[in-house]
Amino acid sequence: MATTTIAPAERENYLNKEYGLGSWLLTTDHKRIALLYLISITFFFFIGGFFALLIRLELLTPAGDLVQADTYNKLFTQHGQVMVFFFLIPSIPAVLGNFLVPMMIGAKDLAFPRINLLSWYLYIIGGALMIHAMLTGGVDTGWTFYTPFSTAFSNTKVIEAGLAIFIAGFSSILTGLNFIVTIHRMRAPGMTWSRLPLFIWAHYATSIIQILGTPVIAITLVLVVAERALHLGIFDPKLGGDPLLFQHLFWFYSHPAVYIMILPSMGVVSEIIACFARKRIFGYTFVAISSLSIAVFGFLVWAHHMFVAGISVYAALVFSLLSYSVAVPSAVKVFNWTATLYKGSIHYDAPMLYAFGFLGLFTIGGLTGLFLACLGVDMHVHDTYFVIAHFHYIMVGGALMGYLGGMHFWWPKISGKLYPEGWARLAALIVFIGFNLTFFPQFILGYLGMPRRYYQYPGEFQVLNVLSTAGATVLGVGYLLPMIYFLWSMRYGKPAPDNPWNAAGLEWQTQSPPTTFNFEKEPVVTWEAYNYDEIDAGHKEEVPVVG
Amino acid sequence: MSVHATSSPLKTYFAVWVTLLIGTLLTYEVAKIDLGVFNSAVALTIACIKALLVALFFMHLRHASEKLLKVIVISTLFFLFILLSLSMADYATRGGGGHASLLLPHITALIRS
Amino acid sequence: MRVTKRRCPLSDSTTAVQTSVHEDVHRPELLHHFANPEQQRDSASLGMWIFLATEVMFFGGLFCAYLIYRIWYYADFAAASKSINAALGGTNTAVLICSSLTVVLAIWAAEQSRRALMLAMLALTMFFGLCFLGIKGVEYHDKFVEHHVPGPTFSFEHEQIPGHPGQYANPQHAEIFFALYFIMTGLHALHMIVGLGIFTWLFVMAWKGRFTPEYHTPLEIGGLYWHFVDIIWIYLFPLLYLIDRHP
Amino acid sequence: MAGNVDALFIFLVIISGLMTLLIFTAVIYFAARYRHQRGVPAEQIEGSTPLEITWSIIPLAVFMVIFAWGAVVYFKSRTPPRDATEVYVVAKQWMWKMEHAEGQREINELHVPVGRDVKLIMTSQDVIHSFFVPAFRMKQDVLPGRYTVAWFRATQPGTYHLFCSQYCGTQHSGMIGSIVVMEPAQYEAWMSGGSTGPLSATGEKLFAELGCSTCHRTDTQGRGPNLQGVFGKPVLLQDGRTVTADENYIRESILDPGAKIVNGFKPVMPTFQGLVSEEQLNALVAYVKSLSPAAQSATKTANAAPQGSGTQVQ
């Protein structure tokens, strides 16, 4: 199964096959496009992170003293827009998904390689427009674009930002479309649905949301842009429109969008836990089905963002009830991951540490979601720092932790190099501690009543805000570290073997880094997913796990 | 899913075409008769039948040997239905007298009559 | 949608993957990463259907807005709708239905290797498409002249509400109708223009003799798109033109 | 009300605390107990359907309890008591304007007596704001173009934060004020000063000035409906529907008179959109309400869903 030979440096692979800018910018190789995405989303991550740092610095003191109120409003708006639309949504699907989906199912490429490249260009055009909007005045509507503020009151670059996200949305749609077709049509012989890695199931579920949810925000943004440019009255109560209609349409996408961010991360964690516990995932079928049900139920719950917005109480009841339908499959996943550890043979390599971090943070993030879905409590904590803390636990604690875990897990495959394990474990620890220090105090702040999007606040909230800012600096270091040692490893890292973790999965059966078409020979799958018993049985003298 | 092997014969195409044209004419003419609320119902029913005909025969959905395409169509319509119906759930039950309320006045009118 | 069947630039520079088990069926239009033509055609067709699902939700947001305001401002919507020329809208519906017929005939012709018929049908499809846009242009022109285009020049004063003599439509609510009318029909027209682009390309491909009875997937895929645009119009017509037409 | 929300909150904290503890303990215990040891292979376990069903059903049951409890608390907080004192709130960028039914006006401050139910009838002049008093665990978005309603009962004298919790532009974080809760005696003293007369009296004057009284007469000769006793009652419309005459209906009828014609009347009333300010509108609504002393507050139906009884300014 797993080969232990160290790859000779001169072996041809997707990285050294062709050189030059053109060979990258015109590539249709899913792996190269994944790297293009990796570079671009990292760029946006650090822009968004820079905004976050400024926000935290401003909130160090109760008075608004670091930046102007308008600047602060632009900071949190652009932090949200950049992080949500230009980092989190493309993060795992467009980087790890792009790289791994074809390899895991034994395909040579995605079904539509050129559409794949097109979606990267759309992302770049959207991103460029977003940056242009930020440089020429910025946006101050909040990432939610609530009307009538965004359509009739804001004096900032709403139209440009709206179009930027519209374009980036199509990038996301095309990625989802590509994945669905690829997973349906390109599986290698023997790769049945029940043999698919859970990573693939998660991406399949994600893609469903991408193709069915994203167009709704696209049209909503078209309406916002049109209304702002031409003074139509679709969302403006002064002209007969209903601002709540905007919120309905916006959240119809933006709630499921949370699952675009978290589902792939769940897929990553399933792979990592299985590998480092040397076990098949407990309840494979249930974990796979829970991904799909999260995708479907995710569409039924959007108005829980609107409990105090002025919707009908009866609708609020329905949406609150439905919201719990998403909580069940999420809980099922957590229980199954935990049960997978039972009687495992657990290794503590860096990816596993990230997976543990994910488990802890996602548990807290998920459970605090119960508070927000609960009508009586949401009345109090809605639009406070409680909400901020909750969704950062899901999107940063969950999605980003999974992304980093995945990056560490597959970095040897992607780059063909090994990163320094000690540093990686340290970074995982720093991120976990920094994260909790940043965001846990925000739960308390929210309960005490500090509203979100405040650039100055009453003095009694200061202690918790200082804690949070302190945590943010730790977190910042935690995020910088991996970037540094990943870059370092590309030049100085030891060459990675083809399967450094002795992991199951087709992607490990090809060389590191893979050749342009992934496999020397079309693989034929004759085994179930996560056949760690067979792998370990075949290696009695154990190949030492790297690290 | 072999599409080209299952193309409908020409006769079906022309029959569908004529039906669609008749449907269009029918929609147009029925709209001129006052049927109250049933005007919209009739118009939408005809539109659905026409759309179904196009999908089944022109887009070869009827002969798609694979269930997948049908599943995609049905589930897309399901999510569209979710979007429309759950937002309506809000608009229909906002109480009181403003015109944001859609359903409640109708229900009271129904009970009274 | 990418429907091309030509090779990717990288495919011919490779040596590693020429060991495909399906090498015996290699044809020029078969992309390197597909095992066989069936897989390629099925992928393309599935891709288009999923894209159409996306389009349904794209228009779905508009339908949602339309539905709510139509119920809120029914009388005003009826008055505004009555000011549009329904005969033109009806004609356009018929034109699109005819174009859908010519599309299926073109595919049928491709299957029968009747190249001339296929080219004629493709040309006819484009002709109908242009007719549609022309008629649409006339309609838009009428609305422009009547100051029914939302914006600073918009005016809808003293327009009777159908069935309620002496009652006039609220111009603001009528403006919402026209905003939705222009956005919905405008986006539909944009899809028509994209469709015309696709069909121009298909026509060129057909002219060059790229389509055979075995291989004409681009025609089928382009056709799916065209029919879908037709279906959208089938709904737009009664919703926008025929709200209340009784005398 | 704060107590209700807190009890529920604490319940949730306990539930989720136990859940976190369970998962963390299990993860840490398994991770330590089953750490990799040479020669001890992992034991492959396929899964267990009964276990999956158990850990789906039990959380679901707990969730349903949370849902039901939350719904009860929410429903209660959305249903203002009938005899609540009414305060009109107009939000604008970036201040809160309050008008007591008795006529007192305040900016960014609201004085209320301890132990009395206070109903807020709120609207916005520009964008969406949100009326948030953390101490009362109460929050309601304030929308332009319609009324939303909230209520509270303060139990402790003191000064409490009032925040705008819906982002509304530059000075969003400056749009804060305070709720001053006073002992009844102090409150009466405060109320006795600075009033220009009850809000309904202002409304009555306006009603005459704007010429409303020429058509809306108290006899049956008027071209418009007689407004005596209308508020809170069902109104039969021309198209056969019935609506409840609540604050939003009055508001809509002033701004968009053609929207809901009362059965038996002609659509002759001109719109007052742009002619009356939000404050004047509030006064007119208060006046129409004062004509129905029996039903100071809206009827039961309207109360059940008051915050939803939206109307749009045309």
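**Figure 1. Burial and fold of chain B in the predicted model.** Of the 113 residues of chain B, 35% count as buried, where buried means 20 or more other C-beta atoms within 10 Å of a residue's own, exposed means 12 or fewer, and C-beta atoms are placed from the backbone. Chain B has four helices and zero strands, in the order α-α-α-α from the N terminus; helices (H or I, at least four residues) and strands (E, at least two) are DSSP runs numbered from the N terminus. Among its contacts between residues at least 6 apart in sequence, 42% join residues at least 24 apart, a contact being two C-beta atoms, placed from the backbone, within 7 Å. Residues are numbered from 1 along each chain as its sequence is written, and chains are lettered from A and ligands numbered from 1 in the order in which they are written. The model is predicted: local features need pLDDT of at least 70, side-chain atom pairs count only at pLDDT 80 or more, and totals for chains, interfaces and linings use all residues.

**Figure 2. The contact between chain A and chain D.** Chain A contributes 77 residues and chain D 74 residues. Several helices of chain A each supply at least two residues to its side, among them H3 (69-105), H9 (284-297) and H11 (350-373). H10(A) gives the most, with 15 residues. The side of chain A that touches chain D comprises 46 nonpolar, 20 polar and eleven charged residues; Ala, Val, Leu, Ile, Met, Phe, Trp, Tyr, Cys and Pro count as nonpolar, Asp, Glu, Lys and Arg as charged, and the others, Gly among them, as polar.

**Figure 3. Crossing of H3 and H8 in chain A.** The axes of H3(A) and H8(A) come within 8 Å and cross at roughly 35°; axes are lines fitted to C-alpha atoms, for helices over the stretch in contact, and angles run from 0 to 180 degrees between N-to-C directions. Residues of H3(A) including A:Leu88, A:Ile92 and A:Leu96 meet residues of H8(A) including A:Ile260, A:Met261 and A:Val268. The residues of this contact divide into ten nonpolar, two polar and no charged.

**Figure 4. The open sheet of chain D.** Five strands lie in the order E4-E10-E9-E6-E7, with mixed pairing; two strands pair if DSSP finds at least two bridges between them. The edge strands of chain D are E4 (109-113) and E7 (138-142), each pairing on one side only. Neighbouring strands are turned by 20° against each other on average, direction ignored. E9 (residues 158-164) and E10 (residues 177-182) of chain D pair in the antiparallel sense over five bridges, and D:His161 has D:Ser178 in E10(D) as its bridge partner. Helix H3 (residues 184-192) of chain D lies across E4 and E10, running at about 130° to E4(D).

Figure 5. Most residues other than glycine have a negative phi, and most peptide bonds are trans. The bond from A:Thr147 to A:Pro148 is cis, with omega near 0°, and A:Pro148 is in the loop between H4 (113-135) and H5 of chain A. A:Phe145, in the loop between H4 and H5 of chain A, has a positive phi of about 55° and is buried, with 28 other C-beta atoms within 10 Å. In chain C, C:Ser113 has phi near 60° and is exposed, with 11 other C-beta atoms within 10 Å. The bond from D:Gln93 to D:Trp94 is cis, with omega near -5°.
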